[in-house]
Amino acid sequence: MKIYIRYLIILFLFNGILACNTNVEHDKRTIKDLAANKDVESYMDAFKGLGALTDSTQPTLPSKALEHFQYSKDLALDLVLSEPAIMQPVELSFDHQGRLWVVQYNQYPYPKGLKVESIDNFLRVKFDKTPAPPPKGIKGADKITVFEDTDGDGRFEKSTDVITGLNMVTSVTLGRGNIWVLNPPYLLAYADPDGDGFPDGDPVVHLRGFGLEDTHAVANSLQWGPDGWLYGGQGSTSTANISSAVSKNISFQGQAIWRYNTETKVFEVFSEGGGNTFNVEFDGKGHLFSGNNGSDRGPNFKQGAYYPKSLGKHGPYTNKYAFGNLSNMELQGDTRRFTHSLIRYEGGSFPSRYNGKFIALNPLLNYVQITRLESKGSTFRNVDEDRILETDDHWFRPVDLKSGPDGSVYIADWYDSRLSHVDPRDTWHKSSGRIYRLRNKNRPVSFKKFDLSKYSSEQLVELLKSNNKWFRQQALIQFGNSKDRSIIPKLVGLLESKDNPSSLEALWAINIINRLDDRTTTLALQHKNSYVRLWGVRLLGDTKRVSSTISSQLGKLASFETDPEVRSQLASTAKRLPGLDAIQILRGLLKNHDDSKDPDIPLLIWWAIESKSETDRDLIVDMFEDKSIWQKNVVKTVILKRLMQRYIMAGGDENYNSAARLIKLSPSKDLSKVLISGLNEGLRGRDILELSPELMRAIQPFQSSFFGGPLALGIQKKDVKAVNQALNIIVDDNSSIDHRRTYIKLMGQTDLPQSVPALLKVVESSKSSAALKETALQSLERYNMNEIGVRVASIYPQMRGDLGVREAAMDLFASRRNWARELLSSIENTKKISKNDVTEQVARRLKLLNDPMITKSVERIWPNLKLVASSEKNTMIAKYIKIIRSGEGDSKRGRVLFLRSCGGCHRLFKEGGDIGPDLTGYERRNINSMLLNIIDPNADIREGYVIHRVTTTDGRSLEGKILARNGDSFTLQSLNGKEITLSSKQIKEMKAQQISTMPERILDSLTEQEVKDIFSYIMK
């Protein structure tokens, strides 16, 4: 006994020394070690960290930690684990035996064996290579540890490192005979058929392609959904291009909830946006939530929906026709940043006041919050109540929480004075980490041993009735593991009982075991419980096809459903079903309900319509033959404008003619104006004359709506009163967007420098549409003021998500020397702008400004812009002739490559652009001739495609080919396809250029097989 006590004393002292005086090294690398080049090294060295950074304070001893906490009087707090047993815990979870699994993110923030090749001002990095998956890849310091309470006293005295040597692991879960490990860029499956928690061999890669640009925002939070899919989150500042055995190259740029069907191997993006999603939480009804590092409690994620996203920083949505997003749940309460992770408490152990409420973590401000959920149409609003846990120890950094099998809430504490990722230096305190347990004060600590994998199916059915959500969810996982079809009759019996509180869980279990047949689906769609109806609709969407019987039932349900949540799911499911089935749902929703005030349903309906707008265009437009649909508020306020904009933006006669048909079907002048407004928005960057003859005839009565407003003539005459009125309208978000855009455009066509403040306000306002911003940027080019370049460079990261706006900003920067210098400084010095946003054509325009310093910067940033030497051209031609003749190419793949690499400028077989010559009539089978023109495009610039550089009297530098000369005016087509009309009085100098718009080295980015593929298509 004395020896045992002495051992405990020594262990206690060791832990104290470790916590207070050391910071154990876990592959801490210096910036010099990390940087792959001098540019990166100097930038990282000079970078000033932001946010909650490492300070000089020391950690509190684990033995003293509880003394610093205050918590609700009806709860108790236990320190369950601490260093050195765990360090940098990023996730915790419980398995079917009640064992506690902890992911220790010790390798963070830099993967082992990789160097930083480039970095931006958000510290998003590009590494020099993609790490190989285990066991081939370099072994990192991350590990997954299992802790067990062997005697039921609530202490986890046994620990086992089950998987070690991982390199950036964020999550683990068990199921389907595997241990699933999220180790970006991979989702791995370690075989574990006996469920003992120990891998039976090397892992299998199921998914690859999760980005590593920002290791505090990588893929995370594996969680089995009630539908049997494996879900995960994706942080805001990491990209993804995911491939599985079935799904290929599913690309998205951060901020998403995704899912993977481990049986069919299908990968999907479930929802996009919402914030820095580092949490996945399903409540007892199947709602999906996530912490978002924002100032609210995040979204109530709906299937196929889009949520708030910083498009400039985090990239565009995958659907360029989304035209809007749903809002996160409205919050009444503490809006200070941020909620990192949350659960909806349904553990059955806490006092009743906690039931059904969020328990949310705030690691920045060191507290835990409970938040009430209130229904708001088809979603929720949130109301903050109490802080149930807080501390004066600023090292308390709660990053994950779970409700356990005992109904207590377990909290993973990163435990560090530093929280901010925004510092390239690895100053993290890597030898600390803690796990706390919040429990009911009036219940004893007990942890009964069990093994759910040994339960019979009948016992699992009983677990579906548990008041602890954890057991209900675990029972579903076990049904998915066993696939015991013999239990389905009992489950159907539960489903048939209309008042059975377990009917929803029964539906989920039936689907997981054997999917739903028409009889079971009918039971669900006609069920008394609205959540059973909702999930019946949801699961049908996952099949992507339904029988005619079920299709008819869905149409009826859409017409008569009284619950807005069910209607919102009907809209989401319509997006996933074939056109004929979807249209019945959409008609029912639009004709029989006014959901115009619902936070979610209007846009969910729009996204369903948009998904069919081309594939089933006749069905969509036919729907508007019914005059009563036009009178529905959702149609008037949400659908009409977006549908017209969608058709115009997509372009082509079929889309234009669909737009024309909509205008002809319009039952009133007011509704026609809504359509015309959508047409205007869709026409950005296009000339009205591009529209089809049929559409031109349809819009003839509305010509005045396109070409101005009541102040247009006064602006052109420089009437002071008209100009001032127009400037007020330009900055008024409530004014007609058509009038605002007309007046903005006229401010650029008429010399009115007093308009600059208003134009900049439009550019900088988050409320301005992309069309307005693009037009304002084009008008600002007229005015030679340094302030314009400075302010556009400053706001650029927030508006770069829209291609038209991005191109307009780049045109502005390239039009004047002072603005070009601002652009280059933002690329090289502040890193606010990525050099990848600058096209080769724009970079070459910068050199044409004839400023030595600008030229030097351009050649430093884009060294490949230097012209290829003559001797090198001959070598390159010989090289590519050899490649082309070395084997067969795939012309189908070649077509895709052509449209991507060449089609922006050249047409071939009636596809592509018209900035360069149409290649269809060329002698395309002459390899030597084709290669000469590709490798040396300046050797022979075809007549009609010579680029002219124009210097205007107001100091702009413009480039383009001359499209027309009418009277004393010239129309140039710029390198991005936009047209600029100038009078001769505005032109100071016009000079033909000896350099083609076509860049050199265009083949360098292709692999040898891609070269063969593209020439196979060009030469066919």
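The dialogue below goes from the whole chain to single residues.

Q: What kind of model is this, and how are residues numbered?
A: This is a predicted model, in which local features need pLDDT of at least 70 and side-chain atom pairs count only at pLDDT 80 or more, while totals for chains, interfaces and linings use all residues. Residues are numbered from 1 along each chain as its sequence is written, and side-chain values use heavy atoms, with hydrogens and water left out.

Q: How many helices and strands does the protein chain have?
A: Helices (H or I, at least four residues) and strands (E, at least two) are DSSP runs, numbered from the N terminus. The protein chain has 36 helices and 36 strands.

Q: What percentage of the residues in the protein chain is buried?
A: Buried means under 20% relative accessible area, exposed over 50%, and partly exposed in between (1.4 Å probe, protein chains only). Of the 1020 residues in the protein chain, 60% are buried.

Q: Which bridges join E11 to E10 and to E12?
A: Strand E10 (residues 178–183) is joined to E11 by 6 bridges and runs antiparallel to it; the partner of Val181 in E11 is Leu188. The two strands are linked as a hairpin through 2 residues. E11 (residues 186–191) also pairs with E12 (residues 204–210) in the antiparallel sense, over 4 bridges, and there Leu187 has Leu207 as its bridge partner. Of the 6 residues in E11, 5 are buried.

Q: At what angle do helices H26 and H27 pack?
A: Axes are lines fitted to C-alpha atoms, for helices over the stretch in contact, and angles run from 0 to 180 degrees between N-to-C directions. H26 (residues 756–764) and H27 (residues 770–780) pack at about 145°, with their axes 8 Å apart. Val756, Leu759 and Leu760 are among the H26 residues in this contact, and Leu772, Lys773 and Ala776 are among those from H27.

Q: How is an aromatic pair described, and what is the case of Trp395 and Tyr415?
A: A pair of aromatic rings is described by the distance of the centres and the angle of the planes. Rings of Phe, Tyr and Trp (its six-membered ring) pair if their centres lie within 6.5 Å; planes under 30 degrees apart count as stacked, over 60 as edge-to-face and the rest as tilted. The structure holds 34 aromatic pairs. One of them, Trp395 with Tyr415, is tilted, at 5.4 Å centre to centre and 40° between the planes. Trp395 lies in the loop between E26 (379–391) and E27 (398–403) and Tyr415 in the loop between E28 (409–413) and E29 (434–440), so the pair ties together parts that are 20 residues apart in sequence. Both residues are buried. Elsewhere, Tyr105, Tyr108, Trp414 and Trp428 form one aromatic cluster.

Q: Which residues have a positive phi, and where are cis peptide bonds?
A: Most residues other than glycine have a negative phi, and most peptide bonds are trans. Tyr415, not a glycine, has a positive phi of about 50°. Met168, also not a glycine, has one of about 80°; Met168 lies in the loop between E8 (158–166) and E9 and is buried at 1% relative accessibility. The bond from Tyr108 to Pro109 is cis, with omega near 15°, and Pro109 lies in the loop between E4 (100–104) and E5 (116–119). Another cis bond joins Pro184 and Pro185, with omega about 15°; Pro185 is in the loop between E10 and E11.

Note on methods
Contact = heavy atoms within 4.5 Å. Pairing = 2+ DSSP bridges.
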